[in-house]
Amino acid sequence: MYHRLEDDLASFDAILDQARSMAGAYLETLDQRPAAATLPPDLPAIDLPVRGEGASAVLQRFERDYAALLSGSPGPRYFGFVTGGGTPASLAADWLVSTYDQNTQRNGDTCASTIELQAVDMLRQLLGWPAAWTGACVTGATMANYVGMALARQWVGHHYDRDIAADGVQGLPAIPVFAGSAHSSTLKALSMAGLGRNAVHTLPPLPGREAFDVSVLEQRLRERGDQPSIVVASAGTVNTVDFDDLAAIARLKQRHRFWLHVDAAFGGVAGASEPRRALMAGIEAADSVTVDAHKWLNVPYDCAVAYTAHLPLQVEVFQNHSAYLPAPEPLPDHFLHLTPENSRRFRALPLWMGLLAYGREGYADVVERNCEAALYLSELIAADTRFRLAAPVRLNVVCFAPVGADAQAVAALQRAMHRDGTAYLSPSVLHGEPILRAAICNWRTTKHDIDLAFAALQRLVSR
Ligand SMILES: *Cc1c(COP(=O)(O)O)cnc(C)c1O
């Protein structure tokens with residue numbers, strides 16, 4: 001055995017203790033460290049050493065040279081993109097995932113795939129979704145959207161007597177995808193699925209909204225006659241957390257042929273709070289649904305769930321068998337045959353432990369507190385004449401801008417906030433106007449964090 005490995009094996013416990021204290025130091029300073037790192041212009045490349053340094057020296061090297069350059073993104077004032085943190089239970093679980101190092105397929109040699117089944121089923125219960133759906137963990141909503149598009153493609157193929165998974169899409173008529181304010185990852189998913197980014201036909205929004213006008217969808221579907229289509233609906237757009245009218249879309253299924261994919265990456269989690277479920281009435285009619293665990297569910301990266309009501313189609317698309325891998329059966333824990341990956345991290349464990357540790361009450365509390373924090377921030381903004389709200393706050397995202405600011409001024413304020421480090425905001429564009437957005441998804445965030453963030457905005461806006 002190489003001497004460094006031999007030494008590290010002998011001091012395995014001490015090495016883990018060292019990592020544990022690095023983790024502790026990071027977590028303890030999460031509240032004081034900048035919400036986002038400011039990076040030096042160029043970080044150097046490193047020559048691969050011939051003689052290894054050993055684990056302890058490398059841990060120290062990372063701590064010394066890089067720990068200060070980490071983002072504070074799991075902390076309470078990182079409001080960029082749609083970013084969750086890790087709850088204690090899910091973080092502890094995630095440490096164990098690497099230790100256990102299970103390959104979650106369905107080998108009969110580990111309980112990992114059973115835990116994954118339990119986790120996706122508990123999440124389904126949390127959000128009030130149909131018992132008939134099955135789910136599989138993937139790395140993120142982008143991959144869950146990809147699974148959805150791949151299933152939709154397979155379903156459309158059957159209408160043309162084509163097994164697309166076997167024979168490809170060559171020669172088939174173009175397959176239109178109707179969507180409103182779909183997340184850009186849907187385009188990526190369509191690119192990967194061979195349907196093409198240009199397959200999207202964008203439906204106009206309702207006045208002042210991000211949700212699309214369902215009457216226009218109905219018209220388009222009518223024009224399609226008997227030909228199958230794909231509809232991608234948003235259950236939570238990233239700017240205003242707007243929801244397409246799933247109930248109205250569901251009704252169209254009685255008369256028209258389409259696959260309904262719902263991207264509920266973070267908005268779906270609002271359903272953890274029962275009074276909010278009405279936003280998603282009609283979702284039962286979906287054929288495939290995306291929900292992220294690493295956003296509002298506060299599981300560390302990377303974890304999302306791809307749900308579907310069409311397990312056999314999923315096996316058709318993702319099956320992978322060979323001399324040493326059993327032929328696929330449509331079993332909901334046959335993950336090897338259900339997801340883009342073959343070898344898979346035990347990423348369900350942090351979700352499983354989080355759901356059991358905090359239960360329905362815990363997740364409803366995070367949703368409601370984050371929505372209250374967003375509302376509170378919007379009130380502070382509305383009361384200050386230097387700012388304007390760019391949209392009413394529906395759930396946990398606040399869109400706003402300095403009054404009279406052009407694109408440059410908005411970008412400058414975003415950069416100033418980044419450098420200041422009190423809170424991190426994303427730049428965005430809403431109805432053609434540059435804005436800032438604060439997405440509040442972290443279990444730690446309090447009213448005090450909102451006060452600190454708003455004070456920083458007030459300090460920096462007038463400069
Ligand atoms: C974040 C997000 C995605 C992409 O999710 P990843 O987890 O980053 O792959 C897709 N759709 C919506 C609505 C999102 O908010």
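Which residues in α12 meet which residues in α14? In this predicted model, local features were required to have a pLDDT of at least 70 and side-chain atom pairs a pLDDT of 80 or more, while totals for chains, interfaces and linings use all residues. Residues are numbered from 1 along each chain as its sequence is written, and side-chain values use heavy atoms, with hydrogens and water left out.

On the α12 side, Ala-373, Tyr-376, Leu-377, Leu-380 and Ile-381 are in contact (heavy atoms within 4.5 Å) with Lys-447, Ile-450, Asp-451 and Phe-454 of α14. The residues of this contact divide into seven nonpolar, no polar and two charged, where Ala, Val, Leu, Ile, Met, Phe, Trp, Tyr, Cys and Pro count as nonpolar, Asp, Glu, Lys and Arg as charged, and the others, Gly among them, as polar. Helices (H or I, at least four residues) and strands (E, at least two) are DSSP runs, numbered from the N terminus. The axes of α12 (residues 348-382) and α14 (residues 447-461) come within 10 Å and cross at roughly 30 degrees; axes are lines fitted to C-alpha atoms, for helices over the stretch in contact, and angles run from 0 to 180 degrees between N-to-C directions. The crossing of α12 past α14 is right-handed, that is, the near helix is turned clockwise from the far one by less than a right angle.

Helix α4 (residues 88-100) comprises 13 residues and reaches 18 Å from its first C-alpha to its last, close to the expected 18 Å, a span defined as 1.5 Å times one less than the number of residues. Within α4, Ala-89, Ser-90, Ala-93, Asp-94 and Val-97 are buried (under 20% relative accessible area, with exposed over 50% and partly exposed in between; 1.4 Å probe, protein chains only). These residues lie on the same side of α4 because they cover an arc of only 135 degrees around the axis, taken from the directions from the helix axis to the C-beta atoms. What covers them includes α12.

Asp-101, which follows α4, is found in the loop between α4 and α5 (112-127) and counts as exposed because its relative accessibility is 62%. Its phi is near 50 degrees, a positive value in a residue other than glycine. His-431, likewise not a glycine, has a positive phi of about 45 degrees and lies in the loop between β10 (426-430) and β11 (433-439). In the loop between β6 (288-292) and β7 (304-308) is Asp-302, joined to Tyr-301 by a cis peptide bond with omega about -5 degrees.
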